[in-house]
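Welcome! Take a moment to look over the sequence and the 3D view, and then read on for a short tour.

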Amino acid sequence: MLIPQSALGVEEGTLPPKYQRVLAAVRQAAGPIMARQVGEVLKVDVSVRGNWNRCAGS
């Protein structure tokens, strides 16, 4: 598994570093945050947009 299964007593430090960075970005936000905003904080290319038509098989 890429993400350890959550259980009582499991520390955040057991997560892979990339996941820890995502959690830190979400915690920095003053309120709800969109995935695009998290990507911007992490300096990930957010110019590519999803297409729901592909997901629906249309």
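The protein has three helices and zero strands, and the model shown here is a predicted one. Starting from the N terminus, its elements follow the order α-α-α.

**Surface and interior**
- Of the 58 residues in the protein, 10% are buried.
- The protein exposes about 5,300 Å², and 58% of that area is supplied by carbon and sulfur atoms.

- Look for Lys-43 in the loop that runs between α2 (35–41) and α3 (52–56).
- The phi angle of Lys-43 is near 60 degrees, which is a positive value in a residue other than glycine.
- Is Lys-43 buried or exposed? Lys-43 has a relative accessible area of 76%, and because the cut-off for exposed is over 50%, Lys-43 counts as exposed.

- Arg-36 sits in helix α2.
- The relative accessibility of Arg-36 is 31%, so Arg-36 is classed as partly exposed, a label for values between the buried limit of under 20% and the exposed limit of over 50%.
- Which residues does Arg-36 touch, leaving aside those up to four places away in sequence? The contacts of Arg-36 are Val-46, Ser-47 and Arg-49.
- One of these partners, Arg-49, is 13 residues from Arg-36 in sequence, and their C-alpha atoms are 9.4 Å apart in space.

Terms used:
Residues numbered from 1 in each chain as written. Predicted model: local features only at pLDDT ≥ 70, side-chain atom pairs only at ≥ 80, totals over all residues. Heavy atoms only, no water. Helix = DSSP H or I, 4+ residues; strand = E, 2+ residues; numbered from the N terminus. Buried < 20%, exposed > 50% of the residue type's maximum accessible area, 1.4 Å probe, protein only. Areas by Shrake-Rupley, 256 points an atom, 1.4 Å probe, with all protein chains shown as cover. Contact = heavy atoms within 4.5 Å.
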